[in-house]
Amino acid sequence: MTYRSDYLFTSESVSEGHPDKVCDRISDAVLDSFLSEDPEARVACETFATTDRVIVGGEVRGAPGVLSRIEQIVRDCVRDIGYAQKGFHWETLVVQNLIHGQSAHIAQGVDAAENKEEGAGDQGIMFGYAVDETPVLMPAPIHYAHAILRRLAEARKSGAEPRLGPDAKSQLTLRYVDGMPVGVASLVLSTQHLDEEMSSADVREMIEPFIREVLPEGWLTGETVWHVNPTGKFVIGGPDGDAGLTGRKIIVDTYGGAAPHGGGAFSGKDPTKVDRSAAYAARYLAKNIVASGLAKRCVLQLSYAIGVARPLSIYADTFGTGQVPEPVIEAAVAKVMDLTPKGIRTHLGLNKPIYQRTAAYGHFGREPDSEGGFSWERTDLADALRAAV
């Protein structure tokens with residue numbers, strides 16, 4: 001099989017102030033609060049946001065004291081993101097808490113017992129991906145689309161650019177030559193601005209220096225096509241301008257469309273839910289496969305059944321870049337890591353309040369931190385994988 005080497009590829013990102021990301025942030029903040037009090041808490045939290053209102057619902061088990069703090073958790077998230085505008089203000093919005101207890105029928109399938117291992121929290125397929133085109137082994141279009149918005153958020157929050165609002169979207173189309181990114185063919189950036197008199201040209205003048213800071217030198221040329229606030233003014237932003245919902249930005253959360261996504265969202269789900277934990281494990285393994293030199297590009301699929309501990313299948317594809325056949329890699333993966341839900345949680349240390357920080361700018365390609373966050377970005381399995389093959 002041959003693969004294209006010269007092409008254009010596009011990915012998008014959205015900022016922490018995007019309505020859907022506001023909801024992801026709140027859902028993960030609720031999850032972190034439960035895990036702070038009970039590392040074995042079960043949480044499936046969904047959030048809906050619209051003009052001056054946030055509704056939080058879902059199923060939980062453990063740490064009952066958190067339920068009384070849901071309203072404050074919501075307000076703290078909205079305030080930190082930066083919303084204090086007419087139509088969506090952290091202090092005056094209405095919060096509805098509709099969270100209730102977890103179904104006993106789900107619990108019986110997931111919980112460990114004398115005669116069974118802890119099972120997966122749901123059926124599903126999960127994908128991990130890594131590629132050697134960036135230092136963090138992520139696809140370049142999504143990596144830099146995130147980086148642009150993260151830099152604009154830093155400028156807004158630091159006061160360096162107070163005219164920026166919290167809501168923004170970016171989209172990068174990169175040109176690939178011989179399978180590697182070499183430049184930006186087009187760039188789309190829409191950002192909320194607080195000065196109503198600003199034109200699209202004014203917004204570009206404001207944000208272009210920050211964009212040039214984060215993109216590799218030489219990628220922006222005279223041939224790069226720019227679209228900055230192409231619809232015109234963008235003053236009304238966030239859930240006041242467009243309703244938000246947890247879990248609607250799954251491609252933004254993963255690989256920007258450069259690799260498959262299993263379908264399940266991440267935010268608001270505790271790590272017994274393999275939608276989240278097995279997707280993290282798949283990324284961890286794919287990244288270590290590439291870091292080990294076994295392949296330059298790798299996608300890894302895991303599949304699970306609700307209540308069943310062991311994965312039903314492991315599939316690897318190295319797109320013709322592998323140093324060994326894919327079945328050898330699949331066998332090595334099963335050897336170096338326990339891929340039961342409990343095994344994943346233990347290996348990656350997932351029963352910690354580390355999820356709120358994942359809600360914006362991607363779950364992958366981030367630096368592991370001292371508190372255990374982004375543990376799935378470590379490359380500490382590379383030697384074991386090489387030995388296993």
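The structure is a predicted model: local features need pLDDT of at least 70, side-chain atom pairs count only at pLDDT 80 or more, and totals for chains, interfaces and linings use all residues. Residues are numbered from 1 along each chain as its sequence is written, and side-chain values use heavy atoms, with hydrogens and water left out.

**Negative patch**
- Asp195, Glu196, Glu197, Asp202 and Glu205 form a surface patch of negative charge.
- Patches are made of residues with over 30% relative accessible area and no salt bridge, and like charges are joined within 9 Å; a salt bridge is a side-chain nitrogen of Lys or Arg within 4 Å of a carboxyl oxygen of Asp or Glu.
- Asp202 belongs to helix H5 (residues 200–214); helices are DSSP runs (H or I) of at least four residues, and strands (E) have at least two.
- Asp202 is partly exposed, at a relative accessible area of 32%; the class lies between buried (under 20%) and exposed (over 50%), with a 1.4 Å probe and protein chains only.

**Positive phi in loops**
- Phe319 has a phi near 55°, which is positive in a residue other than glycine.
- Phe319 sits in the loop between strand E13 (313–317) and helix H8 (326–336) and is buried, with a relative accessible area of 16%.
- Phe374 has a phi near 55°, a positive value in a residue other than glycine.
- The loop between helix H9 (341–348) and helix H10 (382–388) holds Phe374, which is buried at a relative accessible area of 4%.

**Ala147**
- Ala147 is part of helix H4 (residues 140–158) and is buried, with a relative accessible area of 12%.
- The C-alpha atoms of Ala147 and Lys342 are separated by 33 Å, and the two residues are 195 residues apart along the chain.

Terms used: Patches are made of residues with over 30% relative accessible area and no salt bridge: like charges are joined within 9 Å, nonpolar side chains (Val, Leu, Ile, Met, Phe, Trp, Tyr) within 5 Å. Accessible areas come from the Shrake-Rupley method with a 1.4 Å probe; for residues, only the protein chains shown count as cover. Lys and Arg count as positive and Asp and Glu as negative; His and the chain ends are not counted. The place of a charge is taken as NZ of Lys, CZ of Arg, CG of Asp or CD of Glu.
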